[in-house]
Amino acid sequence: MWKLALVGLALLAPCPLAAQEPQRHTGPHEHGHGAINLAIEGNRMLVELRAPGADIVGFEHPARSGEEKAAVAKAEALLRAPLGLIALPAEAGCRVETATVAVTGGAEHGHREAGHSEFRGEYVFVCDRAPAIRRIGFPYFRLFPRTGELDVTVITAAGQQAFEVSPAAPEIVLTRTP
Ligand SMILES: [Zn+2]
């Protein structure tokens with residue numbers, strides 16, 4: 001179910017970040033600009049996050065100093081707790097089933113990647129009432145204040161909806177609910 005949903009995201013999303021997803025490359029990205037894809041299927045919600053290292057820890061080279069390593073460890077801990085990144089309505093009764101975080105790219109991995117690194121998160125939520133997911137907030141911006149914008153794509157059985165959220169407007173309202 002989870003893999004199918006990701007393939008669905010890549011096929012449906014016009015956004016170039018999502019289109020690159022099957023190759024798992026770290027392409028050049030825009031600093032200050034992350035992406036979150038959500039797919040709601042039945043009582044499960046699959047969430048995929050991609051964010052430049054510049055947004056998350058302020059650098060994209062492999063962590064060298066103790067301070068840099070601590071910054072990466074702290075960021076990974078925050079990213080492993082997705083209920084602190086996205087705020088879901090309490091009445092939806094969503095809980096985290098799995099949360100995985102990875103760092104890709106960086107100067108010492110592959111020459112094509114021009115030193116960019118990204119943090120990726122993949123999350124599975126199970127919800128008691130997925131149709132109650134009408135508004136989603138993004139406290140993410142408070143945790144990672146270098147972020148200027150997130151492209152948010154939401155896919156449900158009702159279709160695909162795309163949003164841009166920012167620190168000034170960190171919430172989306174679904175016009176077609178699951
Ligand atoms: Zn970069």
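Among contacts in this protein between residues at least 6 apart in sequence, 65% join residues at least 24 apart. Keep that in mind as you look at the structure, which is a predicted model.

## The overall plan

The protein has 178 residues, and 49% of them count as buried. Its secondary structure comes to 5 helices and 8 strands.

Strand 1 (residues 33–41) and strand 2 (residues 44–52) run antiparallel and are joined by 7 bridges. Here is one spot to look for: A39 stands opposite L46 in strand 2.

## The zinc site

Which residues hold the donors of the zinc ion? The protein donors are H29 (NE2), H31 (NE2), E60 (OE), E60 (OE) and H116 (ND1), at 1.8 to 2.7 Å from the ion. Along the sequence, the donor residues follow the spacing H-x1-H-x28-E-x55-H.

| Residue | Relative accessible area | Class |
|---|---|---|
| H29 | 14% | buried |
| H31 | 44% | partly exposed |
| P82 | 3% | buried |
| T156 | 7% | buried |

Why does H29 count as buried? H29 has a relative accessible area of 14%, and buried means under 20%, so H29 falls in that class. H31, at 44%, is partly exposed.

## The nonpolar core

The largest nonpolar core has 37 residues, and the members that touch the most others are I86, I133, F138 and V152. Several elements give two or more residues to this core: strand 1, strand 2, helix 4, strand 4, helix 5 (140–143), strand 6 and strand 7.

Leaving aside its neighbours within four places in sequence, F138 is in contact with I36, L85, I86, L150, V152, V165, P170, E171 and I172. That list includes I86 and V152, which are also among the residues touching the most other core members.

Where does P82 sit? You will find P82 in the loop between helix 4 and strand 3. Although P82 is in a loop, P82 counts as buried, with 3% relative accessibility. Not counting residues up to four places away in sequence, P82 touches V96, A99, Y123 and F125. P82 and P139 are 57 residues apart in sequence, and their C-alpha atoms are 10.0 Å apart in space.

T156 belongs to strand 6 (residues 149–156). T156 is buried too, at 7% relative accessibility. The side chain of T156 reaches the backbone nitrogen of A158 at 3.0 Å.

Key:
Residues numbered from 1 in each chain as written. Predicted model: local features only at pLDDT ≥ 70, side-chain atom pairs only at ≥ 80, totals over all residues. Heavy atoms only, no water. Donors = N, O, S within 2.8 Å, 3.2 Å for Na, K, Ca; no water. Buried < 20%, exposed > 50% of the residue type's maximum accessible area, 1.4 Å probe, protein only. Pairing = 2+ DSSP bridges. Helix = DSSP H or I, 4+ residues; strand = E, 2+ residues; numbered from the N terminus. Polar contact = N/O pair within 3.5 Å; in protein donor to acceptor, adjacent residues only side chain to side chain. Core = buried A, V, L, I, M, F, W, Y, C linked by side-chain atoms within 4.5 Å. Contact = heavy atoms within 4.5 Å.
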